[in-house]
Amino acid sequence: MNPLAQQLNTAIEQENGHVFAMLSTLGKAIYFPKEGILSQSAEAKAKAKKYNATIGIAIENGQPMHLKVIQDTLSAYNPKDLYEYAPPAGKPELRTAWRAKMLKENPSLADKTYGNPIVTNALTHGLSIVADLFADAGDAVIIPNKNWENYELTFGVRRGAAIVEYPLYNSDNRFNSQGLREALLAQKDKGKAIVVLNFPNNPTGYTPGAQEGAEIVAAIRDAAEAGINVVAVTDDAYFGLFFEGSMHESLFGQLAGLHPRVLPIKVDGATKEEYVWGFRVGFITYATGSDSILNALEQKTLGIIRATISSGPHPSQTFVLKALQSPEFESQKEEKYAIMKGRANTVKRLLDSGRFGNVWSYYPFNSGYFMCLKLNVDAEKVRTRLLDEYAIGTIALGETDLRVAFSCIEEANLEELFDSIYKAVQDVAVASK
């Protein structure tokens with residue numbers, strides 16, 4: 001094993017052996033090279049004031065070389081904030097700004113110890129870093145049965161982890177904290193579990209309320225006290241889009257400092273929150289009481305980044321930073337939030353109007369981009385009928401569930417959308433007789 005990896009492992013193990021035990025084989029082996037091209041280039045950037053011939057970019061007239069046809073469309077920005085490589089951990093000013101935003105929006109973090117957010121190539125990349133660092137073949141990854149299908153690829157296919165599902169809702173149509181507890185405690189023989197908490201949930205648009213949140217935290221604490229090392233991942237892709245009756249903070253704040261056997265990891269980003277999906281700017285943040293462990297985990301994360309994408313795109317990081325620094329940022333976000341909430345409320349009003357009879361029910365939703373219908377007929381047949389006869393796209397999940405992204409439908413068109421889904425369901429029902 002490389003001495004740098006061993007040094008990081010020792011730092012983690014001395015501070016908290018439980019966290020060290022959570023690391024995968026790759027997680028133990030990875031490190032960020034101290035004597036490679038990037039570190040030498042960073043040293044040269046600080047000291048080589050005359051000539052810097054270290055890194056593979058081109059310079060012209062003291063600026064990063066660029067094409068006028070590109071710069072003309074980006075004239076508000078300095079070339080140094082666009083064309084140079086961003087550091088592997090991300091643009092420092094952006095990391096600082098995102099940390100400040102995180103604290104403002106999650107007051108429960110005020111007295112907690114957590115690291116500086118590390119920039120990722122959006123949230124999927126952040127989740128893949130978690131998988132690389134902590135998931136070995138056979139490790140349990142616990143998710144609800146209503147989940148984003150990419151978890152299977154990221155943790156199951158790529159890393160060989162065992163996907164363990166529990167029902168998202170209990171009999172009262174609330175979050176099934178008892179199911180989560182049972183799934184966690186079932187891992188006692190393994191001694192380790194990775195839990196992914198995705199709120200607002202994709203595909204259902206559900207976020208637990210305060211009491212449910214406390215039950216989730218209690219279930220994770222119970223697992224830790226039972227001797228299970230828990231990697232607790234909050235997938236906060238749709239953070240902030242909380243419309244009614246839900247928590248308004250990430251569980252990351254309550255999980256930070258919860259127990260020595262619990263390692264909270266927050267994966268979030270500007271992609272959904274700031275409506276910049278194509279910018280691919282996300283973040284990964286660790287919470288633990290030890291600065292040594294935080295530093296070691298950051299170095300290992302940088303090792304994964306260096307070994308995969310090297311660093312994230314610089315221009316989009318600059319764009320997001322400029323937005324965060326703008327005095328108009330909060331008011332513009334509030335404006336878009338109101339639009340999204342209006343769409344969610346309109347969907348709920350339509351579904352509760354009684355106009356659609358009993359051809360479907362719907363899963364509780366109160367946040368995010370989506371909602372899910374539970375159909376009385378085959379969801380895939382409805383999906384294809386909607387496409388072929390009504391030119392409408394939806395997502396079929398399993399036999400009965402149809403996901404509808406109200407986020408991308410203007411409020412004035414929602415009535416026609418659900419009327420068309422209703423017609424397609426009737427078409428399929430008639431054809432099936």
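User: In this predicted model, is Cys372 buried or exposed?

Analyst: The relative accessible area of Cys372 is 0%, and a residue counts as buried when that value is under 20%. Because 0% falls under that cut-off, Cys372 is buried.

User: How many disulfides does the structure hold, and how far is the sulfur of Cys408 from the closest cysteine sulfur?

Analyst: A disulfide needs two cysteine sulfur atoms within 2.5 Å, and the structure holds zero disulfides. Cys372 is in no disulfide, the nearest cysteine sulfur being that of Cys408. Seen from Cys408, the closest cysteine sulfur is in Cys372, and the distance is too far for a bond, at 14 Å.

User: Is Cys408 buried or exposed?

Analyst: Exposed residues have over 50% relative accessible area. Cys408 has a relative accessible area of 59%, so Cys408 is exposed.

User: What kind of aromatic pair do Phe239 and Phe242 form?

Analyst: A pair of aromatic rings is described by the distance of the centres and the angle of the planes. Both Phe239 and Phe242 are buried. Their ring centres lie 5.5 Å apart with the planes at 90°, and because planes over 60 degrees apart count this way, the pair is edge-to-face.

User: Which residues form a nonpolar surface patch together with Val69?

Analyst: Val69 is found in helix H5, which covers residues 68-71, and Val69 counts as exposed because its relative accessibility is 65%. The patch has about 300 Å² of accessible area together, and the residues that form it with Val69 are Leu67 and Ile70.

Conventions: Residues numbered from 1 in each chain as written. Predicted model: local features only at pLDDT ≥ 70, side-chain atom pairs only at ≥ 80, totals over all residues. Heavy atoms only, no water. Patch = residues over 30% accessible without salt bridge, like charges linked within 9 Å, V, L, I, M, F, W, Y side chains within 5 Å. Areas by Shrake-Rupley, 256 points an atom, 1.4 Å probe, with all protein chains shown as cover. Salt bridge = Lys/Arg side-chain N within 4 Å of Asp/Glu carboxyl O. Helix = DSSP H or I, 4+ residues; strand = E, 2+ residues; numbered from the N terminus. Buried < 20%, exposed > 50% of the residue type's maximum accessible area, 1.4 Å probe, protein only. Phe/Tyr/Trp six-rings, centres within 6.5 Å; stacked < 30°, edge-to-face > 60°.
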